[in-house]
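Me: I have a model open and want to go through it piece by piece. Can you take my questions as they come?

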Amino acid sequence: MIHSLFIINTSGDVFMEKHWKSVISRSVCDYFFEEQKKITSPIDMPPVLATPHHYLITIFRCNMYFVAVCTTEVPPLFVIEFLHRVVDIFEDYFGECSESIIKEHYVIIFELLDEMLDNGFPLATESNILKELIKPPNILRTIANTVTGKSNVSCTLPSGQLSNIPWRRSGVKYANNEAYFDVIEEVDAIIDKSGSTVSAEIQGYVDCCIKLSGMPDLTMTFINPRILDDVSFHPCVRFKRWESEKVLSFIPPDGNFRLISYHISSQSIVAIPIYLKHFISFREGKLDITVGPKQTMGRQVENVSVEVPMPKAVLNCTLVPSQGKYSYDPVSKVLQWDVGKIDPTKLPNIKGSISLQAGSAPIESNPAVNVNFTINQMAVSGLKVSRLDMYGEKYRPFKGVKYITKAGKFQIRL
Amino acid sequence: MLPHAVSFSILKTGDAKYFTTTKKGEVFELKAELNSDKKERRRDAVKKVIAAMTVGKDVSALFPDVLNCMQTDNLELKKLVYLYLMNYAKSQPDLAIMAINTFVKDSGDANPLIRALAIRTMGCIRVDKISEYLCDPLRNCLKDNDPYVKKTAAVCVAKLYDINPQLVEDQGFLDELKELLSDSNQMVVANAVAALSEITDSSPSGTPLVWMDSTAINKLLIALNECAEWGQIFILDSVANYTPQHELEAQSICERIIPRLAHANAAVKLSTVKVLMKYMEIITDAEFVNMLTRKLTPPLVTLLASEPELQYVALRNINLIVQKRPEILKREVKAFFVNYNDPIYIKLEKLDIMIRLTSKENIGQVLSELKEYGSEVDVDFVRKSVRAIGRCAIKVEEFSERCVTTLLELIQTKVNYVVQEAVVVIKDVFRKYPNKYEGIIGILCECLDTLDEPEARASMIWIIGEYAERIDNAGDLLEGFLHGFADENIQVQLQLLTAIVKLFLKRPSESQELVQQVLSLATQTDNPDLRDRGFIYWRLLSADPAAAKEVVLSEKPLILDEMDLLEPSLLDELLCHISSLASVYHKPPSAFMDEVSGQRKALPIGFQFSEETSSLDAQSIDSSEECPVVEVEDLLGVDMAPTGFEYGPIGQSATSGESSVDLLSSSLDELGLGNPFLCALSAIPAPYSSPKALWLPAAKGKGLEIYGTFVRKNQEIYMEMTLTNQSTDALSDFAIQFNKNSFGVIPALPLQVPSPLPPNGSCEVSLLLSTTGSIQKTNPLNNLQVAIKNSVGVLYFTCLIPMHVFFTGDGQMDRRVFLSTWKELPAQHEVQYTLENMALNPDIVVQKMKQNNVFTIARQHVEDHDVLYQSIKLTNNLWILVEIRIPLGESFPTVSWLIFFVGALSMNRILS
């Protein structure tokens, strides 16, 4: 199981370590550093490294490496999932997760890590439970604690810890009872030169923000549940009910959580909401890109941005956008064009010249373009919530559902 | 490295303030603060100590002072002190003893949180002396009323085992842990499973602590639905180690765990996949397998949409899964298309899987993707993509032409490494489709000068040599390479040598000089490979040019596209390790773990049997142990690894404690080895065959009754059966299957039963057997588990194969060999046995024995004994040497057995 954890920043400093069994010298990280030297980009760090006596399992998140050290055969996915959970919890506690945040909250972090894992076994990983054991920091409480001498560690056993619904604490009370659901869909697509789709998939989520008193029992039904053939559920969802009736029935955790995530594979036809008309020639030093909406069901495409990683030989770009701003970073060689909204009557366009390094070899390959966009009030798969009911409590909550479609890994090959 | 404290501010909320230090000795200051009168000051001081510890600073000098703060009502302070103790107790064992009283007191506290905290911390203090004091509180906590305390205590047993395994066993904690498996709280069950599996992994024997039977598994499956995600992983892994006793059980377990595929936690998903992949091997119902195949597709594809690290592990596992069952993902090749901003380790894995999934249906798409990748930035990835195009060509013949065209287009780009890689794969294409694409040789020759990598140069030279007759200037080209012969890589040198010899054989007139040059160069080098090859060619050419032509220009076998597949037995083993590190490395755990625990896992094969549940259960675990192999190896001093043959002791040992010799010791009659001797008594001249025994009574066989026996006729083994239909319906559609057994016995032909078999009808069946099947130790060794299928259902029974049918006709050992082997074999291999009630005439014995393939090597007359030396060879190449002493009087003959194993390797030793 997980023996130790080291947190390392991109410049190679180990600035935090925690051992759940015996202490392992941080020299074990040397193997990590050796590997780090070989890679060009921090994302390329291999997740599983073998050293003579230890296994280093690494995730790269928030610009930091979280390196778990194991000594025995473990399921690596278990370790990776756990590490991601650790970062999730940090983000939940401190709003964001960064080196300075961790350094600022060493003791809480240490207490949290100790609470999350015992002898390498996960103990409490639900944020609801952890928050009952160790209070998240906030300015007011810190002042109050200094004055009253109270601590931020709870003296009682969390109530939800051992019930059959460990994800929900008891005794939740709100003045305004609200339940918000965001149906978020991300389109992952690869579009080839001619504009035809190479592959397109939808990665969907239903994220919730639930502020309901007591023990509410919710059911959510969809107008077209057949779309969802590959779903992953939060442990609170009753699987049997979904299997038999295609109804999501659950007692929700308190606060923010992901209810389901689903995947619509390239087998089904996925609507592509945006297209690119492009001309790029390095020989002539010209670039001309136009963005337009495609299948958007009449909704506006917003927050559009286009990112073009240029070949190394490109020194600079002098372009004129019809709307939005553009920038070219000569170090990372990335052209970034923030377009904003697309007005279908006047399509955004950018054109101009590219200057190449003198004497460089002719560039044969064309870059792939990353496109970002958001469309509100639409789920591109067509998924729609039909109703939401609450049982178990008397009050009438306020309910809301929002739909957003976004670009995931949306690439267009030029 | 000290992290530097950020700027000061009064409203500083975080813990960074604990790093503010002054110039004076930090430890000194902390010491003063720890001993302060004020509670808050002490607490802040401990926090500072912890903060220092977190960044790896040594604050162990403060141990006594921190210990002083332990007696407190403040839980936070207590926790912090405990955290400190865990880190430093090991370095200060004498002082740590002082903390024990507080721990023991806390473990009896009214607050369960404090009880659990105390027991948890105590387990983390890895000091021998403390562990003795831990026993009593731990025992109390294992029986605590509060499940939170109980589940913490369960993990604590694993901790204690790590420090002092003997203590855990002596104190009976393992049994208490096993009891927790039946606890009413699912979290407790999950933790108990986790603790047990950790203890199993770290125990030297590696034998499971708990025999998982179907009731235990049932309990776990109930807990599975309720416990937290991490517990589900441990439970699923335990289920994966269990082999269901029959197909229905496997099916029902599968059905119960399928919902886990929809779990949000990727590790739960993959552990479920592991169980399903393993159980699919057992399940014969094609429809059910299809259903599972369909269910497995979506979760595997979904894993590819997660974080890159998860994706990587998933991809490594998918790589194994598609090798075993390509049908699961055959329509999902698009999911493996590469995004340009994927990390490189993902790109390479995806590419590998894409090729595995390539088929006629999708090759068009795959090929245009691969071509696209050819213009990527990352060199390694581009190279692999080019190679992949070549593999496509080899895999799908219909599209080979398009692949070759694509490769040519890539060569036109003149990008150096692309060209080199393309040349290498085109060589493979030529080897797969000879005389089809030679038209492109001209284009290849154009880029000759740009090739600077050994593999590409060697490939090009191979092509020139192979098609020397069609390349006009082949001689000049090869001569060009020859100029820098000494500086070339060995790979290129070897290839150049061969190519020039080929050229010479094809166009002798032009290249005589060249071949002499290369032969003299090659034979003068220091590299033995090159030198020897040079000499061989030289002699061949000078002795017999016609023979040389035959050898050098012989037709080459076509290459296959499966060359990069894992070896099937390794693949099967790895499939049992899906989701573990082994599946990421694609190596069995024994290849990379420090301490290998005894078990090697194997996929279950075919059906299992429901009779004798308990013994079977133990047996299936037995057979996966490595120990028996090791024993035989030690005893016989021969390398058995190549055959994977396993032998284990059976029955009670008569001479030495445990050795494979026991095979023949006490249970001679049981094995039927005594039969030839009995036969010697009777006057039947034919080989011995035991009478038919009742194998399957009609009551158990749903009306089918089977009497049967095994005989050896014409050096083949036959299974002879009398099938009688005692039921009221006609039986039809007979089929037979054996479970894996010690001798690898399988039916050589399908079962031929006149169908239908009418009610009260009876028929005789003689089934030819062969011993080429897979081998698995059974207990007893000659046990055979048989399944017979007919229109009523599948019937299982077990029977014993008499040993003598395995005696082969070539069991006559050379005298000298016999003598030396007999001497070589150590005494503990010998088993003595006295046959009773037999008055034997040596001549008759020799004759009878020979009919049963027991060959007499020598015969001596010593004092008042006749001594016969005989040899037997079993179908699995196991030799048995026999000495029979027949007293001249009335007393009983004594038989000595020596047994040894002849593997392929040691056979040479004996013959030489």
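Predicted model: local features only at pLDDT ≥ 70, side-chain atom pairs only at ≥ 80, totals over all residues.

Me: OK. How many residues of chain A are in contact with chain B?
Reply: On the chain A side, 100 residues are in contact with 101 residues of chain B.

Me: And what area is buried between the two chains?
Reply: About 8,700 Å² is buried between chain A and chain B, and carbon and sulfur atoms give 58% of that area.

Me: How many salt bridges across the interface of chain A and chain B?
Reply: The rule finds eight salt bridges there. One of them joins the side chains of Arg413(A) and Glu369(B), at 2.8 Å from N to O.

Me: What about polar contacts, how many residue pairs?
Reply: Across the interface of chain A and chain B, 23 residue pairs are in polar contact, counting pairs with both residues at pLDDT 80 or more.

Me: Which element gives the largest share of the side of chain A that touches chain B?
Reply: Helix 2 of chain A, residues 76–94, gives the largest share, with eight residues.

Me: How do the residues on that side of chain A divide?
Reply: The side of chain A that touches chain B has 48 nonpolar, 28 polar and 24 charged residues.

Me: Switching to Lys21(A). Where is it?
Reply: Lys21(A) lies in the loop between strand 2 (14–19) and helix 1 (29–38) of chain A.

Me: Is Lys21(A) buried or exposed?
Reply: Lys21(A) is buried, because its relative accessible area is 12% and the cut-off for buried is under 20%.

Me: What is Lys21(A) in contact with, leaving aside neighbours within four places in sequence?
Reply: Lys21(A) is in contact with His3(A) and Asn119(A) in chain A, and with Arg126(B) and Glu198(B) in chain B. With Glu198(B) there is a side-chain to side-chain polar contact at 3.1 Å.

Me: And how far apart are Lys21(A) and Asp118(A)?
Reply: The C-alpha atoms of Lys21(A) and Asp118(A) are 8.7 Å apart in space, while the two residues are 97 apart in sequence.

Me: New topic, the open sheet in chain B. What is the strand order?
Reply: The five strands run 1-2-3-6-5, with antiparallel pairing.

Me: Which strands stand at the edges?
Reply: Strand 1 (693–696) and strand 5 (746–747) of chain B do. Each has a single partner strand, so one side of each has no neighbour in the sheet.

Me: How many bridges between strands 2 and 3 of chain B?
Reply: Strand 2 (residues 704–713) and strand 3 (residues 716–725) of chain B pair over ten bridges, in the antiparallel sense. Tyr707(B), for instance, has Thr722(B) in strand 3 as its bridge partner.

How values were computed
Residues numbered from 1 in each chain as written. Chains lettered and ligands numbered in written order. Heavy atoms only, no water. Contact = heavy atoms within 4.5 Å. Buried area = accessible area lost by both parts, 1.4 Å probe. Salt bridge = Lys/Arg side-chain N within 4 Å of Asp/Glu carboxyl O. Polar contact = N/O pair within 3.5 Å; in protein donor to acceptor, adjacent residues only side chain to side chain. Helix = DSSP H or I, 4+ residues; strand = E, 2+ residues; numbered from the N terminus. Nonpolar A, V, L, I, M, F, W, Y, C, P; charged D, E, K, R; others polar. Pairing = 2+ DSSP bridges. Buried < 20%, exposed > 50% of the residue type's maximum accessible area, 1.4 Å probe, protein only.
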